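Dear colleague,

Please find below the structure that I am handing over to you.

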Amino acid sequence: MAIGCDIIIGKWRAANAMMSMAWSLLPPLLLILSTTVTASFSSLFSFGDSLTDTGNLNFISSLQSPNCLLPPYGQTYFHRPTGRCSDGRLILDFLADSLRLPYLEPYLGFKNGALKQGNTEQGMNFAVAGASALDRGFFEEKGFTVDATGNFSLRVQLDWFKELLPSLCNSSSGCKNVIGNSLFIVGEIGGNDYGYPLSKTTAFGDLVPYIPQVVSVIKSVIRELIDLGAVTFMVPGMLPLGCNSAYLTRFETTDKEEYDQVGCLKWLNTFYEYHNELLQIELNQLRGLYPHTNIIYADYFNAALQLYKFPEQFGFGGNVLKVCCGVDGPYNYNDTCKCGEAGVVACDDPSQYVSWDGYHMTEAAYRWIATALLDGSYTIPKFNVSSFTAETIADI
């Protein structure tokens, strides 16, 4: 382990130990209040990448790979491609359902005149498939080949939110009321950032320095939103992408020690855990600086990991690492022939699969992750939606 990693882990463990000690001294009732966020919001705003994009991809001229605008994307719920990179709904959609809010419209649709102003009242989605936390110029300067899809970084998405504000409210007090009663979901984001260095190296010493830079942008955007009046945030960590079929194919090795019991790449999941641990350190600092805010860490990593470890408990069958929509190879994934391309067909029953296309999960997997977040099992502090039960989301 690199020295930088030791420092990161040490800080995180020390910070959490101090937090636990401080909370243990609080009166029981205050402790309960301090560790539970009760959810009731008038609107929902989302920032991120393809795990959260609900259609901004429709308004980008350059094609993505895989192309989520082509069938069989969207087949399970919407029965057509919507720009969501899955067979159906995303975690964000299930969160909106549980909060009794409509599915979020894509901001670029509103900006281009495809949506009316009234569609903004209960929220908007700024996430774009392929987006990074850092600006594309950062990667260009380091010599990486950057896809010609434009710059849709987290800061650009924040600028879009600022552009939208006049459509949401027309006074400072009005804006404070709208923003203060909204839930802001910032992420998951960072997967595309790390994809650039991973295309050239697997050396930890070369990869780890990117983590503080990515997390710093996330923290900075949250601070700016707080300055604008935002109070409640959900900030997801990274998924266990060492179980991602695309990476399993790219980094396949005959060394069995590289894999865990499930078959995921241990070194890659450890890398994403470092991101999540540093992100939690920074979120703890923000909670101290802004005690009036509610900043919820959503543990996507461990919520998703349960699906890989205990697939039968969640209704998944067969090889849990295989993709539903793909072709060829041990994981049914081929980088030269991806989902959406001619000749690539989806499995008969996506609900039996965790992975949809090698990069993204199925609606069934996202439903289970959303359930884990909504019942508070994988959120810090606990996220409490008064109207939510596991049976409720199962009926959605």
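The notes below cover helix packing, salt bridges and one proline.

This is a predicted model, in which local features need pLDDT of at least 70 and side-chain atom pairs count only at pLDDT 80 or more, while totals for chains, interfaces and linings use all residues. Residues are numbered from 1 along each chain as its sequence is written, and side-chain values use heavy atoms, with hydrogens and water left out.

Helix packing

Two packed helices are described by the angle between their axes and the distance between the axes. Here, axes are lines fitted to C-alpha atoms, for helices over the stretch in contact, and angles run from 0 to 180 degrees between N-to-C directions. Helices (H or I, at least four residues) and strands (E, at least two) are DSSP runs, numbered from the N terminus.

Helix α10 (residues 210-227) has helix α8 (residues 191-198) as one of its partners: the two axes come within 10 Å and cross at roughly 160°. The helices α8 and α10 are therefore roughly antiparallel (angles under 35 degrees count as roughly parallel, over 145 as roughly antiparallel, 65 to 115 as roughly perpendicular and the rest as oblique). The crossing of α8 with α10 is right-handed, a term used if the near helix is turned clockwise from the far one by less than a right angle, and left-handed if anticlockwise. In α8, Asp 193, Tyr 194 and Pro 197 are in contact with Tyr 210, Ile 211 and Val 214 of α10 (contact means heavy atoms within 4.5 Å). By class, this contact has 5 nonpolar, no polar and 1 charged residues; Ala, Val, Leu, Ile, Met, Phe, Trp, Tyr, Cys and Pro count as nonpolar, Asp, Glu, Lys and Arg as charged, and the others, Gly among them, as polar.

Helix α6 (residues 154-168) also packs with α10, at an angle of about 10° and with the axes 10 Å apart. That makes α6 roughly parallel to α10, and their crossing is right-handed. On the α6 side, Leu 154, Arg 155, Leu 158, Phe 161 and Lys 162 take part, meeting Val 217, Ile 218, Ser 220, Val 221, Glu 224 and Leu 225 in α10. The residues of this contact divide into 7 nonpolar, 1 polar and 3 charged.

Salt bridges

The whole structure contains 9 salt bridges (a side-chain nitrogen of Lys or Arg within 4 Å of a carboxyl oxygen of Asp or Glu). In one of them, Arg 89 pairs with Glu 363, with the closest N and O atoms 3.1 Å apart. Arg 89 lies in the loop between β2 (43-47) and α3 (91-98) and Glu 363 in helix α14 (residues 363-374), so the pair ties together parts that are 274 residues apart in sequence. Glu 363 also forms a salt bridge with Arg 367, at 3.7 Å between the closest N and O atoms. Within α14, Arg 367 and Glu 363 are 4 residues apart, about one helical turn.

Glu 140 counts as partly exposed, at 41% relative accessibility.

A proline in α10

Pro 212 lies in helix α10 and, at 37% relative accessibility, counts as partly exposed. Pro 212 and Leu 279 are 67 residues apart in sequence, with their C-alpha atoms 8.5 Å apart in space.

Yours sincerely

Methods
Buried means under 20% relative accessible area, exposed over 50%, partly exposed in between (1.4 Å probe, protein chains only).
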